[in-house]
Amino acid sequence: MNLSTTHVGLLQQHWNQLFDSTNEIYGDEGAFLRRTGMTVIQLVVFWSVGGLFLLADVLKPAWLIKYKVQPFEELPSYRIKHLLRVVVVNQLVSAPAGYFWNWLEVQRGSDMGRDLPTVQVFLRDLICVILCYEFVFYYTHRLIHHRRIFKYFHKRHHEWTAPVALSAMYAHPLEFFFSNIIVLMGPLITGCHTTVTFAWAVILPLEVLFSHSGYHLPFCLPPEFHDYHHIKVVNNYGIIGIMDYLHGTDRLFRKTKYFQQRRWVFSFTPVQELIPDGKEEQKRK
Ligand SMILES: [Zn+2]
Ligand SMILES: [Zn+2]
């Protein structure tokens, strides 16, 4: 992939300005920029996109509701208030984890520098970060599903059998604290450049929001994989599905229409109409 030298030059120029402005104040060679930038990007993406999904669930316009994977459920205001409270508390509680992780990254010698990586290095590291997340999330998620542990932590996240976007961060604070560390494993292991962590800070909230949204929207990430996990509480412990495929923990899922409906749709026709009838699975339940 080639970016013209003018584009690369412009990107580098903007990055230098950003880097220098924070380095002048903190003199920490990009550490503050890395941690704070990642936090701000994550919060902005999460609350802006998550807020739109919440608005859709409250206003429930017919043209959007037809894209719901599960039958639409009313979202009473007391449930919204409780959801918002839990999410905000979790974000506050987990904030120190990010700053501690930032310190670890400095010790490890992660690339927080002034020079941008090449496109190839950027993409290679971003793919590694995503695969690392799939790997670590799968095993830790399976662990907290263990029958002796489940009721203490993860059960709270599964109160949502038909999840909504913001419920992605509805969890026991301790679980959320550790999940915040898990998402940072990839950047720590790869030692990737700060711009890769910024891209990750955009991709991650989008992934969790769409997976929990319950909407299979045209041109957007299909939510069936994780939605099925919330319906059945077994199967589909990973994010992409690679680890579930390797361990056979997607066997039940593969027999359902959800599996067939889990694909990107490039038309405005709801996937239930394109591949009928995924809802049979829920009726039998
Ligand atoms: Zn979930
Ligand atoms: Zn789970």
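A residue is called buried if 20 or more other C-beta atoms, placed from the backbone, lie within 10 Å of its own, exposed if there are 12 or fewer, and partly exposed in between. The legends below describe a predicted model, in which local features need pLDDT of at least 70 and side-chain atom pairs count only at pLDDT 80 or more, while totals for chains, interfaces and linings use all residues. Residues are numbered from 1 along each chain as its sequence is written, and chains are lettered from A and ligands numbered from 1 in the order in which they are written.

View 1. S213 counts as buried because it has 30 C-beta neighbours inside 10 Å.

**View 2. The buried side of helix α6.** In α6, which spans residues 173-182, the residues E175, F176, S179 and N180 are buried. They lie on the same side of α6, because they cover an arc of only 140° around the axis, an arc taken from the directions from the helix axis to the C-beta atoms. The cover over these buried residues includes α4 (77-108) and α5 (119-144).

**View 3. The crossing of α4 and α6.** The axes of these two helices come within 9 Å and cross at roughly 35°, with axes being lines fitted to C-alpha atoms over the stretch in contact and angles running from 0 to 180 degrees between N-to-C directions. On the α4 side the contact is made by V89, N90, V93, S94, A97, G98 and W101, and on the α6 side by P173, F176, F177, N180 and I181.

**View 4. The largest nonpolar core.** Such a core is a set of buried Ala, Val, Leu, Ile, Met, Phe, Trp, Tyr and Cys residues joined through C-beta atoms within 7 Å. The largest one has 28 residues, of which V129, A165, L166, A168, M169, W200 and L209 touch the most other members. Helices α2 (31-59), α4, α5 and α8 (194-213) each supply at least two residues of this core, and the largest share, seven residues, comes from α8.

Notes
Helix = DSSP H or I, 4+ residues; strand = E, 2+ residues; numbered from the N terminus. Contact = placed C-beta atoms within 7 Å.
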